[in-house]
Amino acid sequence: MIKSVRLEAGKPPESISLSDISRFLEKPRGIIWVSLEKASNTEIESILSGVFNFHPLAIEDCESIGYQTPKVDDFDHYLFIIANAIHPDANLKDLATSELNIFLSEHYIVTCFTDEAMSCVQNIWQRMSKDDRLSARGADFICHAILDTLVDEYMPLLDKMDEEVEWLEDQVLANPETATLERLLTLKHMVMSLRRVISPQRELINRLTRDEFLQISAVSRIYFRDIYDHLVRIQDMSESIRDIVSGAVDIYLNSTSLRLNTVMKALTIVSTIFLPLTFLAGVYGMNFKYFPELELTWAYPALWFVFLLIVVLMLTFFKKRQWF
Amino acid sequence: MIKSVRLEAGKPPESISLSDISRFLEKPRGIIWVSLEKASNTEIESILSGVFNFHPLAIEDCESIGYQTPKVDDFDHYLFIIANAIHPDANLKDLATSELNIFLSEHYIVTCFTDEAMSCVQNIWQRMSKDDRLSARGADFICHAILDTLVDEYMPLLDKMDEEVEWLEDQVLANPETATLERLLTLKHMVMSLRRVISPQRELINRLTRDEFLQISAVSRIYFRDIYDHLVRIQDMSESIRDIVSGAVDIYLNSTSLRLNTVMKALTIVSTIFLPLTFLAGVYGMNFKYFPELELTWAYPALWFVFLLIVVLMLTFFKKRQWF
Amino acid sequence: MIKSVRLEAGKPPESISLSDISRFLEKPRGIIWVSLEKASNTEIESILSGVFNFHPLAIEDCESIGYQTPKVDDFDHYLFIIANAIHPDANLKDLATSELNIFLSEHYIVTCFTDEAMSCVQNIWQRMSKDDRLSARGADFICHAILDTLVDEYMPLLDKMDEEVEWLEDQVLANPETATLERLLTLKHMVMSLRRVISPQRELINRLTRDEFLQISAVSRIYFRDIYDHLVRIQDMSESIRDIVSGAVDIYLNSTSLRLNTVMKALTIVSTIFLPLTFLAGVYGMNFKYFPELELTWAYPALWFVFLLIVVLMLTFFKKRQWF
Amino acid sequence: MIKSVRLEAGKPPESISLSDISRFLEKPRGIIWVSLEKASNTEIESILSGVFNFHPLAIEDCESIGYQTPKVDDFDHYLFIIANAIHPDANLKDLATSELNIFLSEHYIVTCFTDEAMSCVQNIWQRMSKDDRLSARGADFICHAILDTLVDEYMPLLDKMDEEVEWLEDQVLANPETATLERLLTLKHMVMSLRRVISPQRELINRLTRDEFLQISAVSRIYFRDIYDHLVRIQDMSESIRDIVSGAVDIYLNSTSLRLNTVMKALTIVSTIFLPLTFLAGVYGMNFKYFPELELTWAYPALWFVFLLIVVLMLTFFKKRQWF
Amino acid sequence: MIKSVRLEAGKPPESISLSDISRFLEKPRGIIWVSLEKASNTEIESILSGVFNFHPLAIEDCESIGYQTPKVDDFDHYLFIIANAIHPDANLKDLATSELNIFLSEHYIVTCFTDEAMSCVQNIWQRMSKDDRLSARGADFICHAILDTLVDEYMPLLDKMDEEVEWLEDQVLANPETATLERLLTLKHMVMSLRRVISPQRELINRLTRDEFLQISAVSRIYFRDIYDHLVRIQDMSESIRDIVSGAVDIYLNSTSLRLNTVMKALTIVSTIFLPLTFLAGVYGMNFKYFPELELTWAYPALWFVFLLIVVLMLTFFKKRQWF
């Protein structure tokens, strides 16, 4: 689906037909925003190549399926930006990212994605009619608004992770199971994947802030710096989560060997008490002809006293050693 | 709460009304210090935006709740600094930081925080009337004094951590419990969090020292370098604490398996002694018709001698193997 | 085997004899591509040294057997590039790379390999007659096409690794065996080797993109940047695989100690139930003269009741402790 | 204690009174060396502030107690250097450093320490009358001589560590005890602390070599480079020690589980032999009326044969499995 | 031992007496190579200081015993290079390096070593009369030839390590013993030491390639780049060995706990089978007056059937759980 609009300071956004875009590009007035949503390859070819005449490599990147590393390429007249959004309904099993491609020039911004939806683009499109700063400040400000929303959408995922890790931390102490370890390791893997997505994104925004691209005014640069700060914070949070996960894995593994210790103590206590008793009972079950103790009337009750004595002594010994 | 004061070399600090600030900004003489304490969003908007006309992004940062990464932003006429203070009563469970925002220009310094209290600002405010260097040396020196106090407040926390880790190190050797491990891992997590707070702060101070900001004179730069050295030392200390914690965790985990060894040795000694004895007793409890030993008078006492012999031999064997 | 061809924009590729190459080099028109396939040392010497007069060290690198680190050397008039291809049929036991040497100048490209086959070179050679961009855009574009194909051939290996690691991850949970661990560690070793091959390759392509080599036009540089992006993605994938492998090794090692726990619990349950029972049976097997219980008619059935009681109590106790 | 001396090429060192220093500083001829040993705060203030008028922050650093990170500060007319010496009698429990402060200008060198003794300064002071290079080559050469001696004093500690780690390595194999692990971890902690002291010191010397300080002549820079090389070597040695310690900890931890294996094998062998035997003995102790074996004359000796057979078979089985 | 020779393009090497060297240095024609082999301190002083007048610090480095970090120092008229050779008969216990010192100027090269032999120097000395490139291309080419040979001598050691690690990897699977672990850790330590030797050597060669030293011509720089590539490859190989060693250590440690598992399973199987049997035998050994089962003729054979049943059921249960 292709949507296009012309923006001019102080005026409401006005729809613009595809044929008018070419005319606009020759004699630009204000800015235009073309949004390719759930774009088919035909649409991409016809608009990006046919109308805008973008570089074949950039168009190839738009069409390609599968994860692309975030980056910014400078094609003199325009910037080509790849960013990765997170599905708002991202679960904690594996990290699903969807790719957003942006072409940014002084006079236009073209956004393109092939997935079902891209909330950061769609939100800003809707805000366009209400927020006249978007019309007034140029294409770079719209680009900032989109990327800012895209980055903000990482937060709910991090919050979910944070909750999960805290729940797992409690779980590890209360009831350590293999399932807990698996979830911890899945979470760790998620955090690592997230960092690999955030890190180049941070570098991308950093370049937009630092390099003197003609397409981004000095005023807008401060706004991109703001996105950069958000990403730094997100990275800090993800490192913090990774630390807690590592600590929880350590506690889990230790709890495994602690339970082994408990089991072994139980076994040792029972064996150490009953093996001597059984031996003694065995002794008085022997069939020797000459066996003086067997004749004594008090021998049997006395032996029970010895049994009790052994049990009490053993338990005292284990108590002293703090075995239970 | 909004407090404001005008400082001039050789004169005592003099209160200045909000309306006078605007006049001062047009024709500055000496410097002014405006302090927003426990600031509400209304106060922040009216002063920072209304009077000083600071950049909306900086004001947004002042209003935002939640951890912000320390940074310095250069808005040409003024610097915007975010630093993170530690609550003087910080416990060792989790790291609570509170954010301090500073706007620094040649003619004024504006400090702003939304928390209950910020001792580093309040200390310097009180020192103002006694220490005339603060009036004489300009806004950058006041900024240095505040940040220096802020950084110094990290030390008590590190000292507490140091004490705790030493106590835990002894604990791990004397009486290793799961609680000890948990506290060790909490402490490790604390140290890691602390490093993530200190590291950008160090970078922030480094930039104030290194970059040639107009707002900071060459003379003051040496003072900021001094803060930088403190932060390096604090980072060294935190790394040292992390090392000791890691070592203590290693000893703890080893102690778990050592105790397992002890338990298993006890079990093995008891089993190895009593299983053969019980077998022998069982043999002479058999009911064979033809059983010559049973007839012998000395057989029963002789068997007790054999029992004793086995016990002595086993114990000698274990002694030799250093099992107890 | 030596193949050589002359390319000119708008014309079909035309074979060129070895003797014509020397004449061409004196007065170049269009570009030539000389491809040494499965080259013997004699061929290498006669062409690279005899005809092109390349530097002896570069020729030595072409002749040498064994892994060479990817690199680009600038010999003023030409670039010498070493890249490492992966056998398309690479297995997951150890990483077999084959070396591709490229000499690139404004007027010619010489590719050289000593292995049986090098699909990236052979593919481009075949595409030459169909794709006239190869003739039109110069030697640097052909070099790009070869390196792009070479890098794309890494993907099937990574996909295979990805599949293997996912299969192993399931295996580790379902049926952890030493063989699984070995395969995990082999895979880890493979990934590490792969990264050591990719990393200098990435640096090599980065230099071709960044450094202003005369042999590579500004237009082509964008295409090399595209290869660079692919390599970054491949490196990301390999890091992700390494993370999953590490997690799987952790689960494996934990499963070993979990099984030990299970075994020990079984032993402890059986021992703890039967040792007291055996003791009791032993007691009533004693031969004391005075042994009142033995006379009672209900004693024997009562003892069976005691036996059952002990078993039930023990099992309840273990159930409560969640031992099974 | 304050000592001061004037040095001139070709002349013996000549004592100079404190009052003459001020005159010297106005019209310098030759160089002076002022040494503050075991300096009280009063002495520091009167000389460093009163006579030399050094920067208050540098004086504060001289007075401060506790570890200071090595650094060099450039105050235009003089350099301020903080270095950390090691007590020659340093033990291997924790790293005690003592701080040496040096003020270096073209015409003077001021050394200052607050500890009891600082052998590197005192050695050079004594060498002064014998070694006329110290008089002839200027203040920077004296500074080099002091720092060179200071760095050389690290070597005995590293040698001690090296001996200790080798002794511990043997200990770990021969007789692994918890005390051995503790000493290993203490040593590891020591090495880590040492590296944190050496690393900034190396950076400090590197800056003296690399940066073009006016106070250090090109000729002297080569000598500072020599100190730098020593520090690199010391760092290499400390890394080597850390590696060996890590290896020894690994062997120690493995030895713990190996001993567990040995204990468990002993238990298993004894149990596996005697449990079947005891069962058999128990069988023939049963009181069944109809029990044909009991009547046979050869049954009892035959059973002993069976007992022996079981023992021999079991031992053969364990032998084959290499359990002992 | 001191050897010296004068080389001129197109002429055979000609011996030169020590006294002639001084004359040569005043009016150089061609180049000279002075080689101090197994040099005593007297020889070093007389030649390096007396004849060539090298810097005292460089001479000190030549005389010093013990490991020196590889480096290159630029003394304007000459370069001073320290490199570390490996004894060709290096074993795999610890890394013995021997130091080679080279003084390189436009007109001469001086090599100096204090060890028994230095094959890289002695090889080149012998090649001198056969290979006229050495005479023709200047002192920097001789220096390259020596360093190239020195670096090539690392390969046999790496090959030996590679073989050893592969043998150990097999060993770890077939027959894991403490000795295997020790050898693995020794090998790991060796690799780490080797990397610490190679890394500064690589940096040294890199500087010779990159920095524009007057003593090294642009033509020779390409040859030094070739040595650099070799060192990169050697470092790659050593990293690969380290990875395999780490993997083997992991397998070793896992095999320890696997064997514990096997032992424990054996114990559990035997106990779980014989403890119930022994109990049952004990029951029918009791002496109760009223004991109906004892009177039954079929009771004894029936009990054996029960015994068999228990054994079969237990074995089936363990089989199902895959315990053997």
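Me: What should I know before I start?

Reply: This is a predicted model: local features need pLDDT of at least 70, side-chain atom pairs count only at pLDDT 80 or more, and totals for chains, interfaces and linings use all residues. Residues are numbered from 1 along each chain as its sequence is written, chains are lettered from A and ligands numbered from 1 in the order in which they are written, and side-chain values use heavy atoms, with hydrogens and water left out.

Me: How do I read a sheet, and what is the strand order in chain A?

Reply: Strands (E, at least two residues) and helices (H or I, at least four) are DSSP runs, numbered from the N terminus. Two strands pair if DSSP finds at least two bridges between them. In chain A, seven strands make an open sheet in the order S2-S1-S3-S7-S6-S5-S4, with mixed pairing. Strand S2 (14-15) and strand S4 (71-75) of chain A are the edges, each pairing on one side only.

Me: How many bridges join strand S6 to strand S7 of chain A?

Reply: Four, and these two strands run antiparallel. Strand S6 of chain A spans residues 97-104, and strand S7 of chain A spans 108-112. For one bridge, look at A:Phe103: its partner in S7(A) is A:Val110.

Me: How do I judge a contact between chains?

Reply: Contact means heavy atoms within 4.5 Å. The size of an interface is often given as the accessible area lost when the parts come together. Here that buried area uses a 1.4 Å probe and is summed over both parts. Take chain C and chain A: 46 residues of chain C meet 49 residues of chain A. About 4,200 Å² is buried between chain C and chain A, and carbon and sulfur atoms give 67% of that. On the side of chain C, C:Phe279, C:Asn287 and C:Phe288 lose the most area to chain A, together 16% of what that side buries.

Me: How many salt bridges link chain C and chain A?

Reply: A salt bridge puts a side-chain nitrogen of Lys or Arg within 4 Å of a carboxyl oxygen of Asp or Glu. There are five between chain C and chain A. One of them joins C:Arg225 to A:Asp73, with the closest N and O atoms 3.5 Å apart. Helix H9 (residues 218-283) of chain C gives the most to the side that touches chain A, with 33 residues.

Me: What kinds of residue are on the side of chain C that touches chain A?

Reply: There are 22 nonpolar, 12 polar and 12 charged. Ala, Val, Leu, Ile, Met, Phe, Trp, Tyr, Cys and Pro count as nonpolar, Asp, Glu, Lys and Arg as charged, and the others, Gly among them, as polar.

Me: Which chains do not touch?

Reply: Chain A and chain E do not touch, and their nearest C-alpha atoms are 9 Å apart. Chain B and chain E also have no contact, with their closest C-alpha atoms 9 Å apart.

Terms used
Buried area = accessible area lost by both parts, 1.4 Å probe.
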